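Student: I have a model open and would like to go through it with you. Could we take it step by step?

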Amino acid sequence: MKKGFIFDLDGVIVDTAKYHYLAWKKLANDLGFEFTKEQNELFKGVSRKRCLEILLEIGNREATQEEFDTWMVEKNIDYLKYIEHMDASEILPDVPKVLNYLKENNIPIALGSASKNARPILEKVGLLSYFNVIVDGNNVTKAKPDPEVFLIAAKQLGVFAENCVVFEDAVAGIEAANTAKMASIGIGDASVLDKAKHNFNDFTEISTDFISQLIHK
Ligand code: BG6
Ligand code: MG
């Protein structure tokens with residue numbers, strides 16, 4: 001049975017949540033209200049558009065369509081300034097261990113991310129060449145928890161959805177993987193990602209033996 005492995009980007013491969021947070025916080029402050037790290041948890045795995053909608057709800061702000069569009073652009077310009085300087089040192093611990101093991105075993109690898117900045121980030125940290133397929137925010141019409149992003153990735157990998165494994169740090173992402181009938185692996189707090197099939201705090205807890213079991217299941 002041919003297997004495929006799909007990775008989310010933000011919070012799984014790199015810790016970009018802190019940069020998203022700083023960029024959203026700047027926008028909130030410019031608009032005259034606060035945005036906390038706790039509130040930023042709601043933004044994980046969520047599309048840029050939906051994030052701005054939530055931010056405006058938090059700040060109790062109305063926006064014209066023109067303002068909404070301008071603020072989306074402003075937030076992204078600010079975010080791009082943070083990711084501009086990213087390099088391999090920002091890859092989360094033991095991610096290369098798992099990617100290398102999959103490569104050595106000729107297992108196809110896909111990215112399944114909500115971000116429209118996924119490709120440049122993978123390039124900057126030097127991991128782009130590991131991915132056979134990249135599906136990101138530019139290729140989907142429905143955001144997680146809709147399974148679209150993972151289903152497109154499986155199709156492009158040429159692997160049945162039920163033979164795919166998904167690594168995710170967001171509740172919406174775990175739900176998307178489960179709906180797609182893929183094996184969901186939660187990276188982060190198990191009490192938050194309680195719908196995941198397996199849970200780990202990070203990749204240092206994932207052995208190559210475990211990956212091997214997933215490949216041969
Ligand atoms: C997800 C992040 O991966 O991408 C979200 O978890 C983010 O926080 C979303 O909003 C969209 O990212 P971008 O780079 O297109 O603004
Ligand atoms: Mg994520």
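This is a predicted model: local features need pLDDT of at least 70, side-chain atom pairs count only at pLDDT 80 or more; totals for chains, interfaces and linings use all residues.

Student: Which residues are the closest to the centre of the largest pocket?

Tutor: The largest pocket has a volume of about 620 Å³. Its lining is made up of 31 residues. Of these, the closest to the centre are Val46, Ser47, Arg48, Ala114 and Ser115.

Student: Which helix gives the largest share of the lining of the largest pocket?

Tutor: Three helices each supply at least two residues of that lining: helix 1 (17–31), helix 3 (48–58) and helix 4 (65–83). The largest share is four residues, and the helix they come from is helix 3.

Student: How many charged residues are in the lining of the largest pocket, and which domains does the lining draw on?

Tutor: By class, the lining of the largest pocket holds nine nonpolar and eleven polar residues, with eleven charged. At least three lining residues come from each of two domains, namely domain 1 (4–15 + 90–216) and domain 2 (17–83). To put the count last, the number of charged residues is eleven.

Student: Which residues are the closest to the centre of the second largest pocket?

Tutor: This pocket has a volume of about 350 Å³. There are 21 residues in its lining, and the closest to its centre are Glu41, Lys44, Asp169, Ile187 and Gly188.

Student: How many residues in the lining of the second largest pocket are nonpolar?

Tutor: The lining of the second largest pocket draws at least three residues from each of domain 1 and domain 2. Divided by class, it has three polar residues, six charged ones and, for the class you asked about, a nonpolar count of twelve.

Student: Are helix 5 and helix 9 oblique or roughly parallel to each other?

Tutor: The axes of helix 5 (residues 95–104) and helix 9 (residues 208–216) come within 10 Å and cross at roughly 40 degrees. The crossing is right-handed. Angles under 35 degrees would count as roughly parallel, so the relation of helix 5 to helix 9 is oblique.

Student: Is the crossing of helix 1 and helix 3 left-handed or right-handed?

Tutor: The axes of helix 1 and helix 3 come within 11 Å and cross at roughly 40 degrees. That angle makes helix 1 oblique to helix 3. As for the hand of the crossing of helix 1 and helix 3, it is right-handed.

Student: Which residue is joined to Pro145 by a cis peptide bond?

Tutor: Pro145 sits in the loop between strand 3 (133–135) and helix 7 (148–157). Omega for the cis peptide bond is about 20 degrees, and the residue joined to Pro145 is Lys144.

Student: What is the phi of Asn60?

Tutor: Asn60 lies in the loop between helix 3 and helix 4. Although Asn60 is not a glycine, its phi is positive, at about 55 degrees.

Methods: Residues are numbered from 1 along each chain as its sequence is written. Chains are lettered from A and ligands numbered from 1 in the order in which they are written. Side-chain values use heavy atoms; hydrogens and water are left out. On a 1 Å grid over the protein atoms alone, a cavity is a set of points where a 1.4 Å probe fits but cannot get out, and a pocket is an open set with protein on both sides within 12 Å along at least five of seven lines; lining residues have an atom within 4 Å of a point. Grid points are joined across faces, edges and corners, and a volume is the space filled by probe spheres set on the points. Ala, Val, Leu, Ile, Met, Phe, Trp, Tyr, Cys and Pro count as nonpolar, Asp, Glu, Lys and Arg as charged, and the others, Gly among them, as polar. Domain bounds come from an automatic or database domain assignment. Axes are lines fitted to C-alpha atoms, for helices over the stretch in contact, and angles run from 0 to 180 degrees between N-to-C directions. Angles under 35 degrees count as roughly parallel, over 145 as roughly antiparallel, 65 to 115 as roughly perpendicular and the rest as oblique. A crossing is left-handed if the near helix is turned anticlockwise from the far one by less than a right angle, and right-handed if clockwise.
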